[in-house]
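Take a look at the structure below. Then read on for a short tour of its DNA contacts and its aromatic rings.

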Number of protein chains: 2
Amino acid sequence: MIDWSDLHHFLALAREGSLSAAARGLGVDHVTVARRVAALEASISLKLVDRRPRSYALTEDGQRIAAIGAQMEETAFAVERAARAAKPELDGEISISAPPSLANILIAPKLMQLRRRYPGILIKLIGEKRTASLSRREADLALRLSRPTQPGLIARKIGHFEFGLYGAPSYLKETPPYAFAFIAYDASMDDTPQQQWLTEIAGTRQIVLRTNDLENQAAATRAGVGLAALPRFLGDTDRRLERCDTDRKPVSREVWLIVHNDLRRAPAVRAVAGFLEDCLR
Amino acid sequence: MIDWSDLHHFLALAREGSLSAAARGLGVDHVTVARRVAALEASISLKLVDRRPRSYALTEDGQRIAAIGAQMEETAFAVERAARAAKPELDGEISISAPPSLANILIAPKLMQLRRRYPGILIKLIGEKRTASLSRREADLALRLSRPTQPGLIARKIGHFEFGLYGAPSYLKETPPYAFAFIAYDASMDDTPQQQWLTEIAGTRQIVLRTNDLENQAAATRAGVGLAALPRFLGDTDRRLERCDTDRKPVSREVWLIVHNDLRRAPAVRAVAGFLEDCLR
DNA sequence: CGATCATTGTGCAAAATCTCACAAGACAGT
DNA sequence: ACTGTCTTGTGAGATTTTGCACAATGATCG
């Protein structure tokens with residue numbers, strides 16, 4: 001009989017691509033992963049990986065096995081979700097994945113309300129651009145700016161926000177519009193509505209700073225580097241930023257609340273979901 | 001993250017119903033199962049079993065989790081089959097499940113031929129009435145007398161055999177037909193063709209011995225207890241048994257060779273399957 | 001070209017896990 | 001009522017597994 005733990009370690013290796021990455025994911029030492037993979041190979045007497053000097057590469061057999069095993073991982077996560085959903089108590093740690101700006105400005109400041117109402121619930125707020133996988137239980141709830149297509153996930157539109165064009169008050173006073181400089185995301189965000197909106201407004205005028213991080217954009221704008229497209233929930237509450245009118249129709253984005261179907265009914269998850277709705281209203 | 005080994009132990013407990021049985025199945029001590037189940041409960045902070053004085057009973061949550069996990073076991077076996085099928089060598093242990101009579105009389109005597117042709121293949125011959133589960137890898141190949149319906153299994157009819165009515169030569173000589181006594185299976189086999197055939201022949205005459213085991217029937221017949229319906233491959237080769245004609249059309253049964261779809265192409269399995277076909281021809 | 005970073009491999013001590021032996025209790029058959 | 005069998009529970013020793021520190025090697029970047 002196959003040792004399930006060996007299989008788990010091997011599947012992590014197959015997914016992550018290296019011993020070290022798999023070990024990090026599993027929270028063990030890389031040596032352990034190496035040993036368990038070796039043990040699995042021995043137990044089924046089949047070579048699953050090619051041990052190249054600097055990397056582990058799956059053999060053909062290894063890929064086949066990993067492909068089948070992937071379904072096992074799926075089910076393991078389903079078990080985990082079922083366990084979580086079965087808890088009737090309003091406690092435990094609930095993790096929320098959200099874009100950093102939403103997390104910092106709209107959610108974090110109001111967290112105390114949630115703590116007061118549900119003292120048993122611990123919140124883990126993950127502000128990251130990369131969309132966390134709810135299926136892998138990297139987060140229980142997620143806020144995203146577009147509707148995900150993945151099956152098994154429930155998405156509900158819980159709000160929207162507009163972008164505005166902002167500059168530092170002094171900058172706007174001293175600079176003639178034809179000389180405006182602009183601050184934008186880098187090329188990886190070129191297909192987002194707010195980026196297109198900004199580049200259209202900029203026209204032939206220069207984009208002098210590109211940064212992935214919205215907070216960086218805001219900071220640069222405050223410092224008088226130029227004009228940036230910022231969410232109004234960020235810009236309107238900051239006196240060091242001033243919104244300037246444009247003739248373009250303002251762009252807005254929807255905010256979706258995502259929860260895995262299996263977790264939808266868990267009381268703690270419902271409570272936090274309700275809180276997030278309030279935050280976005 | 002859930003420990004897959006814990007889950008495995010819990011699922012074994014859920015399926016077997018007791019610590020000891022699960023431990024036997026897994027090849028570990030019962031204490032280990034108890035500890036791992038407790039560890040799983042602790043890690044998801046959910047009560048999965050009720051520890052009654054003499055038994056472990058699944059809670060509702062435990063049943064839910066076990067139901068989901070069953071699919072995980074399925075997949076684990078699929079991995080095992082894939083591993084086995086991937087081996088290109090003609091070696092390893094192949095287990096065959098077959099009705100005891102077939103195993104003893106038609107297969108076992110010819111096993112040396114197989115050993116000579118494929119010295120690397122070790123055979124495990126399981127002669128049992130209970131049909132082994134090929135999906136759970138209790139056997140690699142199975143011979144059965146009817147076509148199974150379970151999905152994932154490949155069935156091929158590889159032969160058939162007739163039943164005859166046998167008695168000891170002296171018994172047939174000394175006993176007038178109206179006084180014949182009969183030997184049959186017990187009531188659990190009443191719906192098999194050979195049993196119905198025998199009871200029709202017996203008519204109002206007495207059935208003096210009922211036994212599940214065909215070898216017992218044969219032994220009793222040789223000893224002059226009465227007449228039994230025996231496969232001709234058994235009766236015709238035994239000089240202590242004599243077949244007597246009946247006016248009824250003789251009954252015959254088909255022999256099916258069953259193999260799991262995933263294992264069909266494994267060389268060692270193919271080799272043994274071919275051997276079994278030869279045995280039945 | 002050199003420095004830094006990330007990868008895998010090895011030996012040993014520490015920690016966790018398992019098994020074993022025994023105990024206590026329930027149930028069945030005699 | 002009594003043995004025999006099958007449960008689960010407890011504690012201690014032995015085995016296995018793991019983690020750590022270090023080494024070696026290749027890749028990347030300035």
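## The surface near the DNA

Three helices each supply at least two residues of the surface near DNA strand D: helix H3 (30-44) of chain A, and helices H2 (19-26) and H3 (30-44) of chain B. Helices (H or I, at least four residues) and strands (E, at least two) are DSSP runs, numbered from the N terminus. H3(A) gives the largest share of this surface, 4 residues.

This is a predicted model: local features need pLDDT of at least 70, side-chain atom pairs count only at pLDDT 80 or more, and totals for chains, interfaces and linings use all residues. Residues are numbered from 1 along each chain as its sequence is written, chains are lettered from A and ligands numbered from 1 in the order in which they are written, and side-chain values use heavy atoms, with hydrogens and water left out.

By class, the surface has 6 nonpolar, 4 polar and 7 charged residues. Here Ala, Val, Leu, Ile, Met, Phe, Trp, Tyr, Cys and Pro count as nonpolar, Asp, Glu, Lys and Arg as charged, and the others, Gly among them, as polar.

Now for some polar contacts (pairs of N or O atoms within 3.5 Å). The side chain of B:Tyr56 places an N or O atom 2.7 Å from a phosphate oxygen of DNA strand D. A:Asp29 uses a polar backbone atom, 3.2 Å from a phosphate oxygen. B:Arg54 reaches a base oxygen instead, with a polar side-chain atom 3.0 Å away.

## Aromatic pairs

The whole structure holds 6 aromatic pairs over all chains. Rings of Phe, Tyr and Trp (its six-membered ring) pair if their centres lie within 6.5 Å; planes under 30 degrees apart are stacked, over 60 edge-to-face, and the rest tilted. A:Phe161 and A:Phe233 are edge-to-face, because their centres are 5.1 Å apart and their planes stand at 75 degrees. A:Phe161 sits in strand S6 (residues 153-167) and A:Phe233 in helix H10 (residues 232-235) of chain A, so the pair ties together parts 72 residues apart in sequence. Both A:Phe161 and A:Phe233 are buried (under 20% relative accessible area; over 50% is exposed, in between partly exposed; 1.4 Å probe, protein chains only).

In chain B, B:Phe161 and B:Phe233 form an edge-to-face pair, 5.1 Å centre to centre with 80 degrees between the planes. B:Phe161 and B:Phe233 are buried.

Definitions and conventions. Polar contact = N/O pair within 3.5 Å; in protein donor to acceptor, adjacent residues only side chain to side chain.
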